[in-house]
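Here is my short note to read alongside the structure. Please keep the viewer open and look up each place as we come to it.

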Amino acid sequence: MIARLTFILVVTLYTAMAAADPAYLLKPARVFDGVDPKPHEGWAVLVRGDKIEAAGPAIAAPPDATVVELPGDTLMPGLIEGHSHLFLHPYNETPWDDQVLHEPLAVRTARATVAAKATLMAGFTTVRDLGTEGAGYADVGLKQAIEQGIIPGPRMLVATRALVATGAYGPKGFEAGLVIPQGAEEADGASLVAAVRRQIGAGADVVKLYADYHWRPGEPSRPTFSEAEMRAAVEAAHSAGRIVAAHANTAEGMRRAILAGVDSIEHGGEGTPEVFKLMREHGVTYCPTLAASDAVARYRGWNGADPAPPPVAQARKAFDIARAAGVTMCVGGDVGVFAHGQNAREIELMVAAGMSAAQVLIAATSGNAHSFHMGDQIGTIRSGLLADLVAVEGDPIRDVQSVRAVRFVMKGGMVYAK
Ligand SMILES: [Zn+2]
């Protein structure tokens, strides 16, 4: 009797579960799991609810599963954008200053919803969005709208307003003493720690610090925060379980940020072998944002041919030095400087700059997930992880262009149609 009751209970539970949790059996030509550089030919992936239930050869379809045939396609983990600005749009459409100063928040937010959908449909199921650039805390609301299913979009790690030293950021070049709306929150010393905590309280998942910037229009970047200021900010962020990203282009800005304990450095154009060695020793991830300098150079008339203009050449050189030093690479293009949905540009440029497609795609999936402390949820095709899955036509390990040919997007077990 007990056995029979248990049986009925199990069947009832199973039926209830099955009714609540739709299952999919995805049958691509091959699976790139986000870790192994070699795709697994003939594998299938079973999804139930929002999770991956199984991945491997010869998985039978449960009776309630919807079978999705993806012939010729490679199924891979949803790509992770390491450096986005969903509240910016390309600078050749509207210069950054004008976006910050003249676009109403409602317009910026409406545009961000379109950017979020374009990102997801390009196969990027998670973004680390590194600052709204003057759009306040609207990223927190955008993230909520996505989580509540009001609009389609990627999972978001948000930085809210980001933090700059007083006087360092922009828009700049106005009559001295006038209060001009800024692209990030100004704070220093003790007020910096307070601002970190305020941003976290308001919804920041990641704290973004500008370790250097050009103080006056036209001058080169120079350090902004002291190492001690950044160390206190990092302590406040880490004690709240948040990661810290530092914008830094100068060797000294990078050095201070590394010693202060940040988790990633963005841009790093002037990084020296010594600084990248220090990054490796401290386990700091590097986001080279090759696509940003490439896009800006093209807006200024560059046609992409060699010789590359100095900012592009500098970014490529830093990339080479960082690779030689064995620094962990983040894939993040600073998308927003260029069009949302074109996120794959950074992947293509990293391959063009000498990394193999497999290395870049591992970095864009399990690598970014690990760097952002989300490796136990996303970035790998493995039983128990969230079902964020993308199918692309062909084999992106052989031909990286294939990441542009997105045929199927699933996030948290939900299929998103174009
Ligand atoms: Zn950026």
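1. Is Thr-289 buried or exposed? Thr-289 is buried, because 27 other C-beta atoms lie within 10 Å of its own. (A residue is called buried if 20 or more other C-beta atoms lie within 10 Å of its own, exposed if 12 or fewer, and partly exposed in between; the C-beta atoms are placed from the backbone.) You will find Thr-289 in the loop between strand 16 (285-287) and helix 9. Thr-289 is not a glycine, yet its phi is positive, about 45°.

2. Before we go on, a word on what you are looking at. This is a predicted model, in which local features need pLDDT of at least 70 and side-chain atom pairs count only at pLDDT 80 or more, while totals for chains, interfaces and linings use all residues. Residues are numbered from 1 along each chain as its sequence is written.

3. Now the whole protein. It has twelve helices and 19 strands; these are DSSP runs numbered from the N terminus, with helices being H or I of at least four residues and strands E of at least two. The radius of gyration is 22 Å, close to the 22 Å from the globule rule for 418 residues, so the protein is as compact as a globular protein of that length. (The radius is taken over C-alpha atoms, and the rule is 2.2 Å times the number of residues to the power 0.38.) Buried residues make up 51% of the 418.

4. Next, the division into domains. Domain 1 covers 2-77 + 380-416 and domain 2 covers 79-371, with bounds from an automatic or database domain assignment. Their C-alpha centres lie 32 Å apart. Across the boundary, 19 residues of domain 1 are in contact with 18 residues of domain 2, where contact means that C-beta atoms, placed from the backbone, lie within 7 Å. On the domain 1 side, strand 18 gives the most, with three residues.

5. Three strands in the order 6-7-8 form it, with parallel pairing; two strands pair if DSSP finds at least two bridges between them. Strand 6 (79-84) and strand 8 (155-158) are at the edges, each with a single partner strand, so one side of each has no neighbour in the sheet. From one strand to the next, the twist averages 15°.

6. Strand 7 (residues 124-129) is joined to strand 8 by four bridges, and Asp-129 stands opposite Val-158 in strand 8. Helix 4 (residues 138-147) lies across both strand 7 and strand 8, at about 160° to strand 8. (Axes are lines fitted to C-alpha atoms, for helices over the stretch in contact, and angles run from 0 to 180 degrees between N-to-C directions.)

7. Which residue in the loop between strand 8 and strand 9 deserves a look? Ala-162 lies there, and has a positive phi of about 65° although it is not a glycine. Ala-162 is buried, with 26 other C-beta atoms within 10 Å.

8. Finally, check two peptide bonds. Gly-170 and Pro-171 are joined by a cis bond, with omega about 0°; Pro-171 sits in the loop between strand 9 (163-164) and strand 10 (185-186). The bond from Asp-306 to Pro-307 is also cis, with omega near 0°, and Pro-307 belongs to the loop between helix 9 (290-299) and helix 10 (310-325).

Terms used
Two residues are in contact if their C-beta atoms, placed from the backbone, lie within 7 Å.
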